[in-house]
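Take a look at the chain below. Keep the sequence and the 3D view side by side as you read.

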Amino acid sequence: PSLEMTLFVTVSISYMVTLMGNTTIILLFHLDPHLHTPMYFFLTNLSLLDLCFTTSCIPQMLVHLRGPDKTISYLGCAVQLYIFLGLGAAECVLLLVMAFDRYVAVCRPLHYTVIMQPRVCHKLAFLVWTSGIFGTLVQSPTTMKLPFCHHHRVDDFVCEVPALIRLACGDTHSNELQISVIGSVFLMVPLLLILISYGHIARTVLAIQSHEGRRKAFQTCSSHLVVVFLFYCTVTAVYIQPRSHFSQKGGKFLTLFYTVVTPTLNPLIYTLRNKDMKGALKRLFGKDRTSNVQ
């Protein structure tokens, strides 16, 4: 309880940064023709996902941190679970798609425009969102049907699967097995494919003769790798073994990390280290100044 006000202020600031940063990325993509490329198309999808992901849980979290009432209705908990899990699963697949885009750009540069056509990009985006829907429809209904204990205390900041499994008083072995399988499909498999793709990227980049070319390739890919590391490591620690000692003790902190910290850092990582984004911001504000002068 002594940390509630500190957490309230910290989460509020992070949420505002998340809203402003991701909204800026989405607006820049739509306003600046220079950003109409597959890389920024998927980055815009990531920003939209992060906006929806944080909005599905942070406003309720702030209410609980600020006021004496820390309850949520069964329906509210179910809705939060469905949305939260679906968007989280979609983000796992989207990070894999973004890794594939970087692989094609670095390892198959001459075929990039042929492979990553707008039609293909839209199909991949459709796959991302539908995979999220599939993931939550598989896991959420069985979780909400668990025989919950009478105290109904969710020891977490949000209604998510590991916390609800720990709330159950009956046998949860099948649910734990199910979340482990779903976690493997949406976490371990994409992470393995991302690591393989970046292994090929590293080998290709090291073969580049130009120092400037190597620097540019590493700078572009390192941003994505940082996001992958932050997201996958924290989520995997919580979801693969929901009843493990580490998940029970550190799960609440990790939940706070991937619901608050990671979505806040994503726009900062992609904009502060990205010349195209900084150039788009300069062009946008340059136009505004020109319009004001005229």
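Predicted model: local features only at pLDDT ≥ 70, side-chain atom pairs only at ≥ 80, totals over all residues.

Residues are numbered from 1 along each chain as its sequence is written, and side-chain values use heavy atoms, with hydrogens and water left out.

**Annotated segments**

An unreviewed UniProt entry places the feature "transmembrane region" at residues 6-28, 40-61, 81-100, 120-138, 181-201, 222-241 and 253-272. UniProt positions follow the numbering used here, feature names are shortened, and such annotations may be inferred rather than shown by experiment. Two of these segments can be checked against the model's helices. Helices here are DSSP runs (H or I, at least four residues), numbered from the N terminus, and strands are DSSP runs too (E, at least two). Residues 6-28 are 100% helix and 0% strand. The C-alpha atoms at the ends of 6-28 lie 33 Å apart. Residues 81-100 are also 100% helix and 0% strand, with end C-alpha atoms 29 Å apart.

**Surface patches**

Patches are made of residues with over 30% relative accessible area and no salt bridge; like charges are joined within 9 Å, and nonpolar side chains (Val, Leu, Ile, Met, Phe, Trp, Tyr) within 5 Å. Accessible areas come from the Shrake-Rupley method with a 1.4 Å probe, and for residues only the protein chains shown count as cover. Buried means under 20% relative accessible area, exposed means over 50%, and partly exposed is in between (1.4 Å probe, protein chains only).

V189, L192, L193 and I196 make up a nonpolar surface patch. Together they have about 350 Å² of accessible area. I196 sits in helix α8 (residues 173-206). At 44% relative accessible area, I196 is partly exposed.

Which residues form the positive surface patch? They are K216, K275, K278 and K282. Lys and Arg count as positive, Asp and Glu as negative, while His and the chain ends are not counted. The place of a charge is taken as NZ of Lys, CZ of Arg, CG of Asp or CD of Glu. Helix α11 (residues 275-293) gives the most to this patch, with 3 residues. K275 lies in α11 and is exposed, with 57% relative accessibility.

**Salt bridges**

A salt bridge puts a side-chain nitrogen of Lys or Arg within 4 Å of a carboxyl oxygen of Asp or Glu. The structure holds 4 of them.

| Pair | N to O distance |
|---|---|
| R283 and D32 | 2.9 Å |
| D101 and R102 | 2.9 Å |
| D155 and K252 | 2.8 Å |

Consider R283 and D32, which meet in a salt bridge. R283 is in helix α11 and D32 in the loop between α1 (4-31) and α2 (38-55), so the pair ties together parts 251 residues apart in sequence. R283 is partly exposed at 34%, whereas D32 is buried at 7%.

In the bridge between D155 and K252, distant parts of the chain are linked: D155 is in the loop between α6 (118-144) and α7 (161-167), and K252 is in helix α10 (residues 245-272), 97 residues away. D155 is partly exposed at 47%. K252 is partly exposed at 32%.

Are D101 and R102 buried or exposed? D101 is buried, at 1% relative accessible area. R102 is buried too, at 10%.
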